[in-house]
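The structure is shown first.

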Amino acid sequence: MPTTVLLVDDEPLVRAGLRAILEAQPDIEVAGEASDGAAVLPMVRQLRPDVVAMDVRMPLLDGIEATRAVLRTVAEPPKILVVTTFENDEYVYDALRAGADGFLLKRAAPAEIVQAVRMVAAGESLLFPTSLRKLAASRGNARAREVMERAALTAREAEVLRLMARGMSNPEIARTLILGTETVKTHVSAVLAKLGARDRTQAVIAAYESGFVVPG
């Protein structure tokens with residue numbers, strides 16, 4: 001089955017460009033389009049897309065609030081890919097903290113756009129660029145440190161989290177640590193559970209905000 005994508009952007013030309021790029025792939029299908037975040041929740045319920053590729057800044061309801069609405073009310077929510085013009089945008093970071101799964105620049109090359117959708121759909125790797133890692137580290141707070149301390153990660157889980165924070169996929173982590181992929185999946189699941197994180201992005205944000213991982 002192809003990966004289905006809902007495109008959300010207030011600029012018709014951006015939506016048309018993304019549609020052309022994605023629908024040229026045999027494994028990706030554009031399920032629908034919306035021009036504002038206010039339309040996302042009803043369209044997600046109707047179309048059940050695998051991925052929502054969503055602009056972070058829109059006139060009626062921005063991508064941050066739309067992300068929160070979907071994650072709060074949809075039992076099995078789609079993956080959410082934030083699409084934006086600026087790499088170090090505070091709005092992008094806030095959208096990731098709200099639960100978005102990854103990040104994509106509008107000026108990205110077609111191959112990068114396709115890869116981003118596939119990565120987010122698979123959920124086994126991370127779209128979290130260096131600029132946002134630095135921003136996460138600068139947002140360090142006591143609550144994040146407390147969560148990390150209470151998690152009491154094992155040595156192996158800590159290794160896995162550090163490699164997740166570098167953007168490695170499960171197979172890449174497996175090769176680095178000389179482990180089976182299924183074993184890595186088990187460690188990743190344990191890390192998420194201990195941190196109370198919905199996904200890899202939330203776990204990595206916690207790692208940087210707590211100071212457990214330092215950008216470098």
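## The largest cavity

The lining of the largest cavity comprises five nonpolar residues, two polar residues and one charged residue. In this classification Ala, Val, Leu, Ile, Met, Phe, Trp, Tyr, Cys and Pro count as nonpolar, Asp, Glu, Lys and Arg as charged, and the others, Gly among them, as polar. The lining residues are Met 54, Asp 55, Val 56, Gly 63, Thr 67, Ile 80, Val 82 and Ala 95. E3, H3 and E4 are the elements that each give two or more residues to this lining.

The volume of the largest cavity is about 30 Å³, and the count comes to one cavity of 30 Å³ or more. A cavity is a set of points, on a 1 Å grid over the protein atoms alone, where a 1.4 Å probe fits but cannot get out; a pocket is an open set with protein on both sides within 12 Å along at least five of seven lines; and lining residues have an atom within 4 Å of a point. Grid points are joined across faces, edges and corners, and a volume is the space filled by probe spheres set on the points.

## Basis of the model

This is a predicted model, in which local features need pLDDT of at least 70 and side-chain atom pairs count only at pLDDT 80 or more, while totals for chains, interfaces and linings use all residues. Residues are numbered from 1 along each chain as its sequence is written, and side-chain values use heavy atoms, with hydrogens and water left out.

## The parallel sheet

Five strands form an open sheet with parallel pairing, in the order E2-E1-E3-E4-E5. Strand E2 (28-34) and strand E5 (102-105) are the edge strands, each pairing on one side only. On average, neighbouring strands of this sheet are turned by 25° against each other, direction ignored. Helices (H or I, at least four residues) and strands (E, at least two) are DSSP runs numbered from the N terminus, and two strands pair if DSSP finds at least two bridges between them.

Strand E1 (residues 3-8) and strand E3 (residues 51-55) run parallel and are joined by four bridges. Leu 6 stands opposite Val 52 in E3, and Leu 7 has Ala 53 of E3 as its bridge partner. E3 also pairs with E4 in the parallel sense, over five bridges, with Asp 55 opposite Val 83 in E4.

How many of the residues of E3 are buried? Five of its five residues are buried, and the strand is mostly covered. Buried means under 20% relative accessible area, exposed over 50%, and partly exposed in between (1.4 Å probe, protein chains only). In a regular strand the side chains alternate between the two faces of the sheet. Val 51, Ala 53 and Asp 55 point one way from E3, whereas Val 52 and Met 54 point the other way.

Helix H3 (residues 63-73) lies across E3 and strand E4 (79-84), running at about 155° to E3. Axes are lines fitted to C-alpha atoms, for helices over the stretch in contact, and angles run from 0 to 180 degrees between N-to-C directions.

## The largest pocket

The largest pocket has a volume of about 370 Å³. Of the 16 residues that line this pocket, Arg 97, Arg 143, Gly 196, Gln 202 and Ala 206 lie nearest its centre. Helix H4 (90-98), helix H7 (142-151) and helix H11 (200-209) are the elements that give two or more residues to the lining. H11 gives the most, with five residues. By class, the lining of the largest pocket has eight nonpolar, four polar and four charged residues.

## Selected residues

Val 117 is found in helix H5 (residues 110-122) and counts as buried because its relative accessibility is 1%. Not counting residues up to four places away in sequence, Val 117 touches Thr 3, Val 5, Leu 22, Ile 28, Val 51 and Leu 81, contact meaning heavy atoms within 4.5 Å. The C-alpha atoms of Val 117 and Ile 28 are separated by 8.6 Å, although these residues are 89 residues apart along the chain.

The buried residues of H4 are Val 92, Tyr 93, Ala 95, Leu 96 and Ala 98; the relative accessible area of Leu 96 is 0%. Just after H4, Gly 99 takes a positive phi of about 130°. Arg 48 lies in the loop between helix H2 (40-47) and E3 and counts as partly exposed because its relative accessibility is 41%. Ile 178 lies in the loop between helix H9 (170-177) and helix H10 (181-195) and counts as exposed because its relative accessibility is 76%.
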